[in-house]
Amino acid sequence: MKERLQELEHEALLKVEQAETVDELKNIRVEYLGKKGPITEVLRGMGKLPKEERPVIGQLANEVRERIADAIEEKQSRLEDEALEEQLKNEDIDVTLPGRPVQVGGPHLLTSIIEEIEDLFIGMGFEIKEGPEVETDYYNFEALNLPKGHPARDMQDTFYITEELLMRTHTSPVQARTMNAKNGKEPVKMICPGKVYRRDNDDATHSHQFTQIEGLLVDENVRMSDLKGVLQEFAAKMFGRERRIRLRPSFFPFTEPSVEMDISCKVCGGEGCSVCKGTGWIEILGAGMVHPNVLEMAGYDSEKYSGFAFGMGPERIAMLKHGIDDIRHFYTNDVRFLKQYHNA
Ligand code: 2U9
C-alpha cells in the first residue's frame, strides 16, 4: 500500500511538471485527487488493512494528496504568470501617446443667464415658480386685466389651441395661479422663468418662442420705492455697481402705474453713442404696481394688499451683456456660437 502511494505521487508530480496548460493541470487534479481517483480508492480500502497499519497509511495518503495539490497549485500560478507576461509583451501600450480629445458640453448661454438671474433673486428672498406652457385664456388674459375684446390682446398675437386653450404669451399666468392658490391671505414673493410663445415672424429681434422672467411681490404696505430698490439691486448685481438706472412712465394692462427701466450705457457712460442710439440709456425691463383689478381677481383685498411686478427677457439681457446682435443665435444651436459662452 505504501509503495502504491509513493508510486502514485511520483507519477502525478511528473505529470504536473510536464503539464503546459492550466487545462492539463485540471485534468491531473481530477485524475489523481478526484472522488474516483486512486488515492480516494486507497483510503476507501483502508478497512481491509490490519488495524496497526491504518493510521500510518492514512497519514501517508493525506500527505501525498496534499503534496500533489500543492504542486498543481504552484504550477498553475506559474503558468498564469507566464501567460500574463506573454500578453503584456504582445499588447505593448505606449502610455506616452497623446490622449484622444473628448468633446465636453456646457450649459447654453440662455440657461446660464437665467440661472444667474434666479440666483440673484433667490439672494433677495424670492421663490422660483413654474407653470404650464399650455394655458387657459382665463389665466393668460382675463386674470391679468385683459378681458375679451381688450385691445392689448391684439398686441400679443397668440397661438390658440382651442378657443379657451393657448400657448402662454407671457409667464404672468404663473403669478396669477400662485396668488390664487394663497386664497388672498398670504404674501407672495416669487419669480417665474420660462418659455413663452407669440405669433411673430422670426427676425434679428423677434422669435416666435423666447423666454421671460417675471417677478411678483404682494404684501401689506408694498410701495413703488420697494420696487425701485429691488430693481436697483438687480441692475447693480447683473451689470455692475457703476451703472445708473432710470424709470420712465409706461403702460401695461396688469400694472398701474407702469414703468420701463433703463440702465446707463456702458459704452459711452451716458454721453450718447451708437449702442444707445444717442440717448445714453438702454431699456432693460418693464415693471409696475400690480393693478387693483388683478389683486381682486386673485382674491386679495386691494385696500389691504398691494404689490409690484416686473418682467424681462433673458435673451435681451444676454444680448446686451455679450454684444450679440441676433436673437436667432439662441435657437439655431450652432455649437461654434454656443461654446464661446461655456465659461460665461
Ligand atoms: C401679475 C401681475 C403683474 C409682469 C410685468 C412687465 C411689466 C414687462 C415684458 C418685458 C419684456 C416681458 O420679456 S418681455 O417681453 N414684461 O414689461 N411684466 S410688469 O406683471 C405682472 C405679472 C403678473 C399677476
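Q: A polar contact is a pair of N or O atoms within 3.5 Å, and within protein one atom must be able to donate a hydrogen and the other to accept it, while residues adjacent in sequence count only if both atoms are side-chain atoms. What does a polar side-chain atom of Glu 214 lie 3.1 Å from?
A: That polar side-chain atom of Glu 214 lies 3.1 Å from a nitrogen atom of the ligand. Bear in mind that this is a predicted model, in which local features need pLDDT of at least 70 and side-chain atom pairs count only at pLDDT 80 or more, whereas totals for chains, interfaces and linings use all residues. Residues are numbered from 1 along each chain as its sequence is written, and side-chain values use heavy atoms, with hydrogens and water left out.

Q: And what lies 3.4 Å from an oxygen atom of the ligand?
A: A polar side-chain atom of Gln 212 lies at that distance from a ligand oxygen, and a polar backbone atom of Gly 313 is likewise 3.4 Å from an oxygen atom of the ligand.

Q: How much of the ligand's accessible area does the protein cover?
A: The protein covers 88% of the 570 Å² that the ligand has on its own, with accessible areas taken from the Shrake-Rupley method with a 1.4 Å probe and, for residues, only the protein chains shown counting as cover.

Q: Which elements give two or more residues to the shell?
A: Those elements are helix H8 (172-181), strand E5 (209-220), strand E8 (281-290) and strand E9 (305-312), where helices (H or I, at least four residues) and strands (E, at least two) are DSSP runs numbered from the N terminus. The largest share, 4 residues, comes from E9.

Q: How many residues surround the ligand, and which are closest?
A: There are 17 residues around the ligand, the closest being Gln 212, Glu 214, Phe 252, Gly 286 and Gly 311; a residue is near a molecule or strand if one of its heavy atoms lies within 4 Å of it. By class the shell has 9 nonpolar, 7 polar and 1 charged residues, with Ala, Val, Leu, Ile, Met, Phe, Trp, Tyr, Cys and Pro counted as nonpolar, Asp, Glu, Lys and Arg as charged, and the others, Gly among them, as polar.

Q: Switching topic, how many cavities of 30 Å³ or more turn up?
A: A search of the whole structure finds 1 such cavity, and about 30 Å³ of space lies in the largest cavity. On a 1 Å grid over the protein atoms alone, a cavity is a set of points where a 1.4 Å probe fits but cannot get out, a pocket is an open set with protein on both sides within 12 Å along at least five of seven lines, and lining residues have an atom within 4 Å of a point. Grid points are joined across faces, edges and corners, and a volume is the space filled by probe spheres set on the points.

Q: What lines the largest cavity?
A: Its lining includes Tyr 138, Ala 176 and Met 297, and the residues divide into 7 nonpolar, 1 polar and no charged.

Q: And the second largest pocket, how much space is in that?
A: About 320 Å³ of space lies in the second largest pocket, and among its 18 lining residues the closest to its centre are Thr 111, Ile 114, Gly 194, Lys 195 and Thr 211. Its lining divides into 5 nonpolar, 7 polar and 6 charged.

Q: Which peptide bond is cis?
A: The bond from Glu 256 to Pro 257 is cis, with omega near -5°, and Pro 257 has its place in strand E7 (residues 255-264).
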